[in-house]
Amino acid sequence: MNRRNIAVQAPAALAGAALAACGGANASDHRKPTFVFVHGGQGGWAWTKVVQLLAERGFQSVLLDLPGHGISAQMPAAYTAKPQNLAGLSTEVSAHAGLTLNDYRDSVLKVIRGLVAAGSSR
């Protein structure tokens, strides 16, 4: 995979890897999994194409935004000020300052436990 076509090939490769990880379940399998996608530094939207490819094969997915990321992310006031406050950017406390790995873990577990409670089989 080269840099020029990674945006085209990577989602299909990731969708294939996700299907392989669930033991090759197919869309007609009564035990088919619901995939939970957790982003890196962006938001759940980063997995949109992979989720689309899985949906085309009959699989459900959840796009998770970790606390402080994605649609709920808060930009520093110094960044959004007009004009931008460059000096403020160096002193403003990050909105992520109070978040820990435990917060991220709890967010993921809440989604997984909700899926289990709703009857997701895997």
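This is a predicted model: local features need pLDDT of at least 70, side-chain atom pairs count only at pLDDT 80 or more; totals for chains, interfaces and linings use all residues.
Let me begin with the largest nonpolar core, which has six residues, namely Phe 35, Phe 37, Val 50, Val 51, Leu 54 and Phe 59; by nonpolar core I mean a set of buried Ala, Val, Leu, Ile, Met, Phe, Trp, Tyr and Cys residues joined through side-chain atoms within 4.5 Å. Two elements give two or more residues to this core, strand E1 (34–38) and helix H2 (48–56), and the largest share, three residues, comes from H2. Helices (H or I, at least four residues) and strands (E, at least two) are DSSP runs, numbered from the N terminus.

Residues are numbered from 1 along each chain as its sequence is written, and side-chain values use heavy atoms, with hydrogens and water left out.

Now to the aromatic rings. A search of the whole structure finds three aromatic pairs, where rings of Phe, Tyr and Trp (its six-membered ring) pair if their centres lie within 6.5 Å, and planes under 30 degrees apart count as stacked, over 60 as edge-to-face and the rest as tilted. Phe 35 and Phe 37 make a stacked pair, at 6.2 Å centre to centre and with 25° between the planes. For Phe 35 and Phe 59 the centres are 5.9 Å apart and the planes stand at 65°, so this pair is edge-to-face. Because Phe 35 lies in strand E1 and Phe 59 in the loop between H2 and strand E2 (60–64), the pair ties together parts that are 24 residues apart in sequence.

Are these two residues, Phe 35 and Phe 59, buried or exposed? Phe 35 is buried, with a relative accessible area of 11%, and Phe 59, at 5% relative accessibility, counts as buried too, given that buried means under 20% relative accessible area, exposed over 50%, and partly exposed in between (1.4 Å probe, protein chains only). Phe 37 is also buried, and one aromatic cluster is formed by Phe 35, Phe 37, Trp 47 and Phe 59.

Turning to other parts of the chain, Ala 73 sits in the loop between E2 and helix H3 (77–80) and, at 35% relative accessibility, counts as partly exposed. Ala 73 and Ala 95 are 22 residues apart in sequence, and their C-alpha atoms are 8.2 Å apart in space.

Finally, a word on the backbone: most peptide bonds are trans. Lys 82 and Pro 83, however, are joined by a cis peptide bond, with omega about -5°, and Pro 83 is found in the loop between H3 and helix H4 (86–89).
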